[in-house]
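Me: I would like to learn how to read a few features of a model. Please take them one by one.

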Amino acid sequence: MRFTRMIYGANIGLGLAAYLFATSAAAQLTRTAEVKDFPLRNGVHMFLATGGNVAVLAGDDGVLLVDTQFAEMVDRLTAATKKISDKPIKYVINTHWHFDHTGGNEGFGKAGARIIAHENTFKRMSTAQELPAMNMKFDPSPAVALPVLTFTEASTLRINGLTAQMVHVANAHTDTDAVVFFKEANVIHTGDVYVNGAYPFVDAASGGSLRGMIAARKKILAMTNAETQIIPGHGALSNAEELKSSIAMLEEMEKRTTAALRAGKSLEQFLAGKPIADYDAKWAPREDQGVVFVTRAYEDVARFEKKK
Ligand SMILES: [Zn+2]
């Protein structure tokens, strides 16, 4: 989807530094990223490049992609699917509306793919959106990039002899989230409801919440077993054990944040106590990511505590 960037005055400081780092690094990666193919089970593959991870299912009925990264990646993703199958890319499922998961929709849509997503993904992509946490604004996407088929709770696509179950998880990463479970293959694409090896991004401006994300990860865990291959929104291929440990981390985070709020601590006081230092080594590759996560978690939980 098309986007423009804007700087919010209030975010000058750490937010701006992190933003500049993230956007210049992302632009560089998008120019050079190669698509790495990880064959999983029953003809399902994971493509890892830049932007959200992509699930691919190829077969006689055509190719299905889950998520489309960025517009610049359409040619490289198409070339990577050609190495698996000579069939056209017939379907795209989006896990949520974010630009790093839907940016290729326009290109694949023009090439004939039919796009499927949660109803709120359609709503958000068809209207102007903002991501204040990343200083970004988005124009409505052109019709060809929008889902032609939407669902609210769940939907099922039967393709290439497999069942792809789409299940909505409410108010987690956003209010547009759907996980895609390839039942017979026992492979699940979680979208950004679960990212591997990093603190999550709770996009409160898009209807996400920390408590919703914990509930969503538990719902995903209930769909899995020890053999399930989990394609996270970002990061390396994962499994139920790692997902479980991420839930424990989020629950502890929610507990500490709620306790701080009920004790009347300000965000500054909460941050000064380095409240998740014991988790940073495992979940924050860069130091500022812990601060960003604590800040977002505090602001998010505060919204719900105030309503009580
Ligand atoms: Zn996202």
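This is a predicted model: local features need pLDDT of at least 70, side-chain atom pairs count only at pLDDT 80 or more; totals for chains, interfaces and linings use all residues.

Me: Which protein atoms are the donors of the zinc ion?

Reply: Donors are N, O and S atoms within 2.8 Å of the metal (3.2 Å for Na, K and Ca); water is not among the atoms, so sites may look incomplete. Here the protein donors are His96 (NE2), His98 (ND1), His173 (NE2) and Asp192 (OD), lying 2.2 Å from the zinc ion. Along the chain their spacing is H-x1-H-x74-H-x18-D. Histidine 98 sits in the loop between strand E6 (89–93) and helix H3 (99–102), and histidine 173 in the loop between strand E12 (162–168) and strand E13 (178–182), so the pair ties together parts that are 75 residues apart in sequence. Helices (H or I, at least four residues) and strands (E, at least two) are DSSP runs, numbered from the N terminus.

Me: Are histidine 98 and histidine 173 buried or exposed?

Reply: Buried means under 20% relative accessible area, exposed over 50%, and partly exposed in between (1.4 Å probe, protein chains only). Both histidine 98 and histidine 173 are buried.

Me: What lines the second largest pocket?

Reply: Rolling a probe the size of a water molecule over the atoms shows where empty space is left. On a 1 Å grid over the protein atoms alone, a pocket is an open set of points where a 1.4 Å probe fits, with protein on both sides within 12 Å along at least five of seven lines; lining residues have an atom within 4 Å of a point. In this case the lining includes Leu271, Lys274, Asp280, Glu287 and Val294. Helix H10 (287–306) is one of the elements giving two or more residues to this lining, and H10 gives the most, with 4 residues.

Me: Which residues of H10 are buried?

Reply: An α-helix has 3.6 residues a turn, so residues three or four places apart point the same way. In H10 the buried residues include Gly290, Val294, Ala297, Tyr298 and Val301.

Me: Where are asparagine 42 and glutamine 69 found?

Reply: Asparagine 42 is in the loop between strand E2 (36–39) and strand E3 (44–48); its phi is near 50°, a positive value in a residue other than glycine. At 44% relative accessibility, asparagine 42 counts as partly exposed. Glutamine 69 is in the loop between strand E5 (63–66) and helix H2 (74–82), also with phi near 50°. At 0% relative accessibility, glutamine 69 counts as buried.

How values were computed
Residues are numbered from 1 along each chain as its sequence is written. Side-chain values use heavy atoms; hydrogens and water are left out.
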